[in-house]
Each structure stands twice: as structure tokens, then as C-alpha cells.
Amino acid sequence: MINQQLLTSPHRHDGSSVRTKMLWVCVSLIPGIACYTWFFGPGILIQCLLAIVFALLVESVLLKIRKQKLSVFLLDGSVYVTAILFALMISPFTPWWINFIGICFGLVFAKHLYGGLGNNIFNPAATAYVFILLCFPVAMNQWPSAIDGPSQETSIKNSFKYIFLMPHDSYSENNYDSTSSATPLADMQNRLAAMEMVNEIRTSSQYGNYAGKGWEWVSIFYLLGGIGLIALGVISWHIPVAILGSVFAFSLIFNMYDTNLYPSSLFHILSGGCILAAFFVATDPVTASATPIGKLIYGTIIGGLIYAIRSWGAYPDGVAFAIIIANGLVPMIDEYTRPYIIGEN
Amino acid sequence: MSRQLYEFPGGLKFETFKEITATIPAIQHPLPNRIILPVRQHIGIPSVPTVRKGEHVLKGQPIAEADGYVSIPLHASTSGTVIDIGDYPVPHAGEHEATCIVIEPDGKDEWFDIQPTDDYLTVDPKQLQEIIRSCGITGLGGAGFPAHVKLNEGVVNIVDTLIINGVECEPFITCDDRLIQEKAHYVVSGTRMIRHAVQAKHCVIAVEDDMPKAYEALANWIDDDIELIKVPKRYPAGGEKQLIQTLTGKEVPSGGLAIHIGIVMHNVATAAAVYRAVTRGEPLISRYVTIAGEVETPRNLQVLLGTSVNDCLKACGYEHNDEHMIILGGPMMGMHIRNPDIPIIKTTNCILVKKLEPAATELPCIQCGDCYNACPIKLMPQELYRNAKTDNFAETQQYHIFDCIECGCCSYVCPSNIPLVQYFRYAKSQIAAEERRRDGADLARKRFLEHNKREQAKIEAKRPSRPVIETSSNPSMDEKRNYIEGAVSRTLKKRSKTKKILDKRNSD
Ligand code: SF4
Ligand code: SF4
């Protein structure tokens, strides 16, 4: 008899792995990131790099503490996805230490305290973003703008200045110059609150054809990458379609009700983190609903919350909040949408 | 051929590597120098040896008799001497030893006196079943359920459709394909016999659409009485539930049997065996086996039952070594064996030799849902896994673990490389063991209570009847007894209530 371990069927595998899945997610973000860089300078690249380096460091320490195999879990790829998504949500002008704090918070509190990959309830990237949004609202309200078209050159200098040289103590809005501003979404919210009309606001120079100048294109490139992910079978269509569909529907209803108070559907979909969230953040399998109907419900909840927070909430973009709230509802959604099995009826 | 086909959910499309062996004629494997026949080659109760060590037996002679209804007799595969009756390794999950009858062939291959049945159509279906049973025929497709049990269901219930399953969806396996190509008329005639035995209204033979030769061969023999259907190639299209769904659009009820929706299914090889049994009285003593994978000359062999796996592999130019593993069955559902001396039994359809690969690292489940999308039963393997892993067996039953057919689709696609099916088998066996324990405990408790009652009665009988005054004059004693009795009945009530709730929960 030959001494082998007794193996159980099936004795075959399709070769898929968590790592390849995560890799595809990263790859499909490339068009969006490239477009982002084109319009708003290399700040975003620096943020991505910083986030990855920080995330690897923090993850290694946490894995060591939890006595897990570094070689297995550092390579599963999930930590890169978390880092990159987090970097894409924050402003490209975010100081490096805020980036670091966000990553630490996300990985410690949203991932490893729950037991690491696969066991977390809340999306780490979204949680990290919400945390720093609550702690550092001023920094999170300084964004580059593309008023004068693509502005890489000027912003290289600015990016460095804001990310690395900003002294912690003298940290206030005055230290940012005119190249930075609030995002179009925030601008829209503020000015609507000041009783201006949508059409009026839309005429100012930071708005493009559908949404914010530059931002609308970034969103469209995210969309392309997201469609690629669906085509590759890495994510299913349910969640993105439900999110975008519900944002579209809600904004359409209110827009029809009063065009002056409520911006158009396209403005909502192409603004802020809507598309990024719909395809990349909310579809994180670990924290999303697992059943097909559950996914549609989960997506609709996120879409509804995004719209509600944007329209009547205190924050210009409620994407991360919406995802975290929906994450918390997932166990219940899954329980109620458990699919029928063959032969059960 | 106008039957509408339906689709079953999930499943996989992959390369099946069948061309290699499907085109080569099967050869008769030479007489081995030892034949080991386990007394249990079917699901059910083992048969009981009727021969003794040292006895001379003839080919086709019954050497063990059925023990009860879900059991079948066993026959000698060739003539020779019984040299041992004892425990030998058998192809059974977990690789344990079981009673086997060992025969040393005398090389003459001399037949026992077997009786053909003339004109089966005049034979009563019940009697036809008896003939099939006495020839030791089990389902030759998968699990090895005694054929007569399924046939009898047909007599008890009304059978709408008899399906003869020629869909070999597992990669590499072509033994049914070859059998059809070479013995098509056995299959078709056997089908008619089974149809008579179950009195089915309709009859379908199904093959996969990548078996063109087999389809042609069958088409030559069938008539209007049998529908010949090609089903699309997909794994596990040949699974009982999946094939029924494909052909009829009906779902076998969860926890139920095919017969509950008026369907009986048998394998093509079973049909061929029935043909032999009826027309010649020939018992089941040999079968087609595919030898595939990393062997020099992959092909099908006609093998006498009881021949060792090693003999078959040597015939195809493979010497067992450390770098390879032997799988009985296909790569999706087959069983890894370490001891190549294990015999071929009635249910062995394939011997697959595979390069041994280092096991991939198991990562945590990321809830991606790929397994759910692949499951042909629409189970939620990720939930089954989560609960099985934490020994939460009641929960696994809520997720219908016993509807899992162990097809392996879920493990195949899992990006975290979780051996899901292994966890499911573990949970199933634990639940079964728990049930056995509970039944045993119930029995013991009952016995104990009865015993107590008897003892009590004895004591009561011996004791002189107590004066009435004694008990009634002692109110504190009475109170105590009342109190105790009250408490006991309350607890019992409570217990039965919780039990009811639990039962309800379990059955929901
Ligand atoms: S092994 Fe069971 S759970 Fe997995 S796919 Fe097959 S039937 Fe579904
Ligand atoms: S395929 Fe594997 S990782 Fe994905 S949900 Fe199923 S068990 Fe979890």
C-alpha cells in the first residue's frame, strides 16, 4: 500500500482563486484611475500607493498577532482591493497620516476584530472612509477641480504639498489654495440649501455636461471597468443594477416633481462615488447579500439611502454610509430571501 | 423525438476527455488468478455466504444468499475453489475491510446450470422481478441499489415513465458508451423487459449529445415504443434528479423518490444485465470498466467481478507508484483508494489514475456565491459549510443537507478551495450517527423503564397490602407524594411541549 493521504472528491478544480478574483477587481479599476489621474493629477496615484503600503504593513502586523500564515493571507489579494478602494474614496489631497489612520481603523475594526477575511460584516474600505470623514471633515472637503481642464502639472506640486508637507497644527481650510474646492455634489448641496436653483448652479464652471466636470468621465470609466467585471463573471449584475436603478428611479421621480430643487438622474449617477460603490464596494461578496433576490433588495436599499442622504442628509455623498447600513442588514435579508431548493415545492 | 427538454439549474461545462476511450473497443480481461467477492456490493444488507472454504464452485453459481428484502444474492464469477471467506479491503468510503469470498479460478471457466426464461412477456411482472433479483442485479450506474426494489416500486405505484439512463456526465468514463455501442440490442431488449416488469406507460432512453455512435447504435434497434433522447452535455446531467428534470421538467420532491412522481430510472448497463438474466439466466458476474487517466493505454475492459484493480491497471500498462493516485469512479464523485488490491465490484464503472498534486490551501469562505450558482439542487453550499464546520448540524438540516447529491460542483468552483463536499459528508455522517445513538438510547430507556415496572410489580406483589389507616393518617406523606406527582407531571408536560416545539422546528 502506498502511503498517501486519503483525498475526497471532487478530485478536480476549475483553478479559480480568491487571488485572481481580487486581481481582476484591481485591473478593472485601472481605466477609472487613469481617467482620474488625467483630470485631477497624480494625487490619487500617491494615495493608492500609500494606502497599499500602509495596508500591507498593518495587515502583516495583525496577521502576526492573530498567528495566521502571512504567506497565505497577504497574497489572497483582498487587502490590496481594500486599500485601493479606500484611496479612491478619499480626496487626493488627503494628508498621509489621515490615510494611515483610515487604513488602520478599517483593517483593525472592520476586518480583523471580526476574524479576518470572510468573517467581517462591514466593508473595511467603506468603514475606514466613514471613520475619517467623521474625524477629519475639513480635509475630506478639499478636492481638486478640473475647472480649467485636465490639470496634472499644477497639481503635482499641490499633491505633494497637501499630502506630505501640511503641518498638523496649522491645519485648516485656509491652507488650501484656490485649486482645491468642494466636490460638485457638496457644492450642489450647499447652494440648494442657500435657495439657489439647480439650473443656476449647473451653469457654474465646475459642472460639465451631466455632472461635475472631470468627475463625470471618471465615473464613466469606472462603469466600463465594472461592466468588464460582470462580463468576466467576477461579480454578478444584481447589485450594480439594483443600486444604479434605484438611484436613477428615485432621482427621476423627484426631478419630475421639481426640476429646480432636485438634480437629474444622470447627475446623481455620475456624481460622487455612486458608480464606484455600485460595482466595486457594494459588491464585496463578504459583506453583501448572498442570494439573488437578497442582492436586489440590498442594492435597492443602498440606492435609496444614497439618494436620501444626498438629498436630505448632512453629508454631500452618502455612499459609504449607505453601504455600511446595508451591510448591517445583510444577515436579515439573507434569512428572508433564502431560495427554494429543487423539489421543495 | 419531439420531447421538450428542460434545464436543470447550476451544473458545469468542462472538458470530459472521453474521445480517448470511447472509440476503442472494450477487450475481455483475462482470467485473474484470484477473485475476491465482497458479500456486500449493493446498498442494503450484506448477503450471507452459502459455500464453505474448500468448496468447488462453478461460474454463475450462487455463493451467497440474500438476507432480507433489500439484499441480493451473489454469484461466482468463474469456476474454481473457495480458498477463503474472511475480511479483505473493499471499495467503500473510508477503506475498511469487510467479508469477502475468495475464489481461486481453476481456469476452466465452467458454467453452472443456468435457466433461461422464454418469452418474458408472458411472465408475471412480479416473477420477472424475482428473476432479476435472483441474478444479483443492482443498479450499475451509481450507488448500487438492488434493482428489484426499484422495480417493485413500479408494481406498487403507477409508473408513468421509465427512463433508461445512458448519460455519463462524469469526465473520462465511457463504459456505458462502449457498452451501448457494442451491445445496443441488449440494452434495448433489456429496456423492454424492465418496462414489462414495472408496467410503465412511457419509456425513454437518454444519452448525452456527445455520444453520437451510441445514439446511432440504439437508433438501429428501437422502435416506436421507446423514445431515444439526446440531452445536452453538462455535468451532472446524468444524475437521477437532473435527468428527470431535463426530460420531464418535474422536480423530485425533497426527501422523496422518483417514483413519487411516477418515474423509475435504471442505468443502461442494468438494462443489459437484465437482458442477460432473462434470456439466458445469466447472473451479474462481469461488467464494463473504463481504465483512464495516466495509464499507458487507456481503454474499456470487460472485467469479471472480483478482479483486482491492480490487475486491470497492469493490463493497461500502469504500475502503481507514489506520484499517482487511483480513483474508483470519475474525477468529480469518485473515491480515492490507496490499496490497489481492492476488487472490482458491481458498481465500479471506472478506474482513473491521476497525478498527485499538492493540495491547494484552503482559505476562508468569502461568500462569493459561486457554489450556489453551480449547485444543481440550488442549495446554499456556503451556509451548509458554515454550519457543518461549527458542528451546527440542526442548522445544516434546515439548509437541506440531505438533498445534496455530492456532485462536487460547489467544491469545483470554490475560489477559496474549500473541500465543501467533504464537510457535507462529515455532517451527514454525524447526523446519521446521532440518530442511531438516539434510537439506541430510546430503546435502552424503554427497556429500563419496563424492567423497573416489572421489578416494582414483583415487589408490590410480595408486599402484604398496607393497612389503609397508615397512609391516610400520615397527611405529610400524602402531601409530599401529591407534590412530587404534581411536579413530575408538570415537568413531563413541559418536556413534551418543548419536544413538540423542537420537532416542529426540525420539520419546518
Ligand atoms: S455537492 Fe451538494 S451542495 Fe455541492 S453542488 Fe452538489 S448538490 Fe450542491
Ligand atoms: S464558492 Fe467557496 S468561497 Fe464562494 S461562497 Fe461558496 S464556499 Fe464560499
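Predicted model: local features only at pLDDT ≥ 70, side-chain atom pairs only at ≥ 80, totals over all residues.
H6(A) passes H15(A) in a left-handed crossing.

**Helices H6 and H15 of chain A**

Helix H6 of chain A covers residues 124–135, and helix H15 of chain A covers residues 319–336. Their axes come within 9 Å and cross at roughly 125°. The two helices are therefore oblique to each other. On the H6(A) side, the contact is made by A:Ala126, A:Thr127, A:Tyr129, A:Val130, A:Leu133 and A:Leu134. On the H15(A) side, A:Ala320, A:Phe321, A:Ile323 and A:Ile324 take part. By class, these residues divide into 9 nonpolar, 1 polar and no charged.

**Helices H4 and H5 of chain A**

Helix H4 of chain A (residues 78–89) meets helix H5 of chain A (residues 96–111). The axes come within 11 Å and cross at roughly 135°. That makes H4(A) oblique to H5(A). The crossing is right-handed. H4(A) brings A:Ser78, A:Val79, A:Thr82, A:Ala83 and A:Phe86 to the contact. H5(A) answers with A:Asn99, A:Gly102, A:Ile103, A:Leu107 and A:Lys111. The contact of H4(A) with H5(A) holds 5 nonpolar, 4 polar and 1 charged residues.

A:Lys111 has another partner. Its side chain meets that of A:Glu59 in a salt bridge, at 3.2 Å from N to O. A:Lys111 lies in helix H5 of chain A and A:Glu59 in helix H2 (residues 43–65) of chain A, so the pair ties together parts that are 52 residues apart in sequence. Over all chains, the count comes to 18 salt bridges.

**Helices H4 and H7 of chain B**

In chain B, helix H4 (residues 175–198) and helix H7 (residues 268–280) have axes that come within 7 Å. They cross at roughly 60°. That makes H4(B) oblique to H7(B). H4(B) passes H7(B) in a left-handed crossing. Among the contact residues of H4(B) are B:Leu179, B:Ile180, B:Lys183, B:Tyr186 and B:Met193. H7(B) contributes residues including B:Val268, B:Ala272, B:Tyr275, B:Arg276 and B:Val278. The contact has 13 nonpolar, 5 polar and 4 charged residues.

| Helix pair | Axes come within | Crossing angle (roughly) |
|---|---|---|
| H6(A) and H15(A) | 9 Å | 125° |
| H4(A) and H5(A) | 11 Å | 135° |
| H4(B) and H7(B) | 7 Å | 60° |

**Where the chains meet**

Chain B puts 60 residues in contact with 35 residues of chain A. The two chains bury about 4200 Å² between them. Of that area, 60% is on carbon and sulfur atoms. Which three residues supply more of the area that chain B buries against chain A than any other three? They are B:Arg338, B:Ile366 and B:Tyr412, with 17% of that area.

How many salt bridges are counted between chain B and chain A? The count is 1. The side chains of A:Lys21 and B:Asp370 meet in a salt bridge, at 2.9 Å from N to O.

**Backbone details**

Two cis peptide bonds can be described, one in each chain's account. In chain A, the bond from A:Ser9 to A:Pro10 is cis, with omega near -5°. A:Pro10 is found in the segment before helix H1 (18–40) of chain A.

In chain B, the bond from B:Tyr235 to B:Pro236 is cis, with omega near -5°. B:Pro236 sits in the loop between strand E11 (227–231) and helix H6 (240–248) of chain B.

One more residue in chain B deserves a look. B:Gln199 is not a glycine, although it has a positive phi of about 55°. Where does B:Gln199 lie? B:Gln199 is in the loop between H4 and strand E10 (202–208) of chain B.

How values were computed:
Residues numbered from 1 in each chain as written. Chains lettered and ligands numbered in written order. Heavy atoms only, no water. Axes fitted to C-alpha atoms, helices over the stretch in contact; angles between N-to-C directions. Helix = DSSP H or I, 4+ residues; strand = E, 2+ residues; numbered from the N terminus. Parallel < 35°, antiparallel > 145°, perpendicular 65-115°, else oblique. Left-handed = near helix turned anticlockwise from the far one by under 90°. Contact = heavy atoms within 4.5 Å. Nonpolar A, V, L, I, M, F, W, Y, C, P; charged D, E, K, R; others polar. Buried area = accessible area lost by both parts, 1.4 Å probe. Salt bridge = Lys/Arg side-chain N within 4 Å of Asp/Glu carboxyl O.
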